[in-house]
Amino acid sequence: LFSVVKGQADREKHKISLESEAADTNSCEADDGGTIDYHGIGLFCPLDLESEHRDFLVDIVNYGFSKQISLALFSMGAQRPCGSTTAQVSGHIPSHDVEIFYSDRLPTEVLPLTAYLVAVTASKRTLRRDQLENLCIAAMRLATKIESQYLLSEEILADFDLKKLNRMEREICEATEFRLLQCGAIFFMRIIQKLVERHSWQWKFAKFASQLAYCQMELAMLKPALLAGVVMRLCCLLVGDNEWPQECYEVLGEPIEDYDEPHAILCRLILTARVDDVFAEVYVHWHYVVERGLSIRPGWIEEQSKAANHVKMVGDRIFKE
């Protein structure tokens with residue numbers, strides 16, 4: 001009897017201790033000097049908040065923001081005189097790596113990490129055009145080692161010289177200074193998924209949109225937190241104008257006005273993927289979920305894409321004058 005009573009008292013004491021810790025860890029410092037109440041906003045599940053490790057939740061989110069993938073180096077000014085061009089590399093990623101990405105059914109995180117590794121390496125190394133294929137495959141193989149429990153299939157690797165892939169992998173590691181563990185858009189998308197998801201198709205649509213975004217340089221070079229916000233906001237606005245929770249802007253910490261142009265580009269890119277042959281093999285995997293999302297507000301996404309009609313894109317198709 002004594003042990004039972006003592007056990008109850010210990011549990012109550014532990015509960016009070018957790019509640020006390022909650023007051024201390026309920027907010028974190030924002031970039032502008034304010035505070036973001038991640039717990040109060042509802043970012044974490046009740047099960048997370050009951051854990052005795054709950055005080056690490058905010059630290060994990062903050063660490064993710066500090067370790068965002070940045071493609072700022074991958075610009076025309078940063079390229080070597082005899083190196084590849086932005087257009088060549090950005091065009092090569094969707095036509096080759098995306099095809100392998102879907103044929104091998106790899107985790108969503110693999111594609112943005114691959115794009116990051118390719119971008120940084122191309123901006124820091126002098127590459128011949130015939131080396132781009134090896135660069136893309138080596139980057140995807142390395143990204144797979146990091147983000148997947150499975151390696152690239154032997155059927156894919158059999159078409160390449162392993163010595164050249166190994167050499168290129170070392171080039172990637174040196175170009176990135178071995179900073180391989182970065183947080184991409186999918187990390188931030190998952191952070192706010194609980195706040196915005198109302199329908200089962202929305203998360204699938206978001207994954208498709210984020211993968212597609214890395215095929216367009218204007219989107220691939222965005223800060224991952226902003227790209228995550230653009231993608232997740234689109235999934236909400238497809239349902240209705242009032243579906244996107246305003247507190248998400250606060251969580252992601254990016255200026256609201258920075259969403260507009262990427263939003264229009266993403267809308268036009270999605271419309272292009274539906275009809276252009278370049279994306280045919282990719283789109284077949286997502287046809288149902290995309291059509292489901294676009295059917296809710298007929299003509300809305302075409303109207304939203306107008307602001308991006310000036311952007312150079314595969315096929316250069318215009319969906320709304």
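Visitor: Before we get to particular helices, what are the axes, and how do the angles run?
Guide: An axis is a line fitted to C-alpha atoms, taken for a helix over the stretch in contact, and the angles run from 0 to 180 degrees between N-to-C directions. Please keep in mind throughout that this is a predicted model.

Visitor: Thanks. How many helices and strands does the protein have?
Guide: Its secondary structure comes to 18 helices and two strands. The protein has 321 residues, and buried residues make up 50% of them.

Visitor: And among contacts between residues at least 6 apart in sequence, what share joins residues at least 24 apart?
Guide: That share is 76% in this protein.

Visitor: Switching to α11: is it mostly covered or mostly open?
Guide: Helix α11, residues 200-213, is mostly covered, since 11 of its 14 residues are buried. Among the buried residues are W201, W203, F205, F208 and L212, and Q202, S210 and Q211 also belong to that list.

Visitor: How does α11 cross α15?
Guide: The axes of α11 and helix α15, residues 260-275, come within 10 Å and cross at roughly 95°. That makes α11 roughly perpendicular to α15, because angles of 65 to 115 degrees are counted that way. In this contact α11 uses F205, F208, A209, L212 and A213, and α15 uses L266, L269, I270 and A273.

Visitor: What classes do those residues fall into?
Guide: The contact of α11 with α15 has nine nonpolar residues, with no polar and no charged ones.

Visitor: And α10 with α11, what angle is it there?
Guide: Helix α10, residues 185-196, packs with α11 at about 155°, with the axes 11 Å apart. So α10 is roughly antiparallel to α11, and the crossing of these two helices is right-handed. The contact is made by I186, M189, R190, Q193 and V196 of α10 together with Q202, W203, A206, K207 and S210 of α11. Those residues divide into five nonpolar, three polar and two charged.

Visitor: Now some single residues. Where is Q216, and is it buried or exposed?
Guide: Q216 is found in the loop between α11 and α12, the latter covering 217-220. It is buried, because its relative accessible area is 6% and the cut-off for buried is under 20%.

Visitor: What does its side chain touch?
Guide: The side chain of Q216 makes a polar contact with the side chain of E218, at 2.7 Å. If neighbours within four places in sequence are left aside, Q216 is in contact with I265, L269, V311, K312 and M313.

Visitor: Where does Q304 lie?
Guide: Q304 lies in helix α18, which spans residues 300-304, and it is partly exposed, with a relative accessible area of 25%. Its side chain makes a polar contact with the side chain of H263, at 2.9 Å. Beyond its neighbours within four places in sequence, Q304 is in contact with H263, A264 and C267.

Visitor: How far apart are Q304 and E261?
Guide: They are 43 residues apart in sequence and 9.9 Å apart in space, C-alpha to C-alpha.

Visitor: One last topic, backbone angles. What is the phi of E177?
Guide: E177 has a positive phi of about 55° although it is not a glycine. For comparison, most residues other than glycine have a negative phi. E177 lies in the loop between α9, residues 162-175, and α10, and with 48% relative accessibility it counts as partly exposed.

Visitor: And what about the phi of D316?
Guide: Phi of D316 is near 45°, again a positive value in a residue other than glycine. D316 sits in the segment after α18, and at 33% relative accessibility it counts as partly exposed.

Conventions
Residues numbered from 1 in each chain as written. Predicted model: local features only at pLDDT ≥ 70, side-chain atom pairs only at ≥ 80, totals over all residues. Heavy atoms only, no water. Helix = DSSP H or I, 4+ residues; strand = E, 2+ residues; numbered from the N terminus. Buried < 20%, exposed > 50% of the residue type's maximum accessible area, 1.4 Å probe, protein only. Contact = heavy atoms within 4.5 Å. Polar contact = N/O pair within 3.5 Å; in protein donor to acceptor, adjacent residues only side chain to side chain. Parallel < 35°, antiparallel > 145°, perpendicular 65-115°, else oblique. Nonpolar A, V, L, I, M, F, W, Y, C, P; charged D, E, K, R; others polar. Left-handed = near helix turned anticlockwise from the far one by under 90°.
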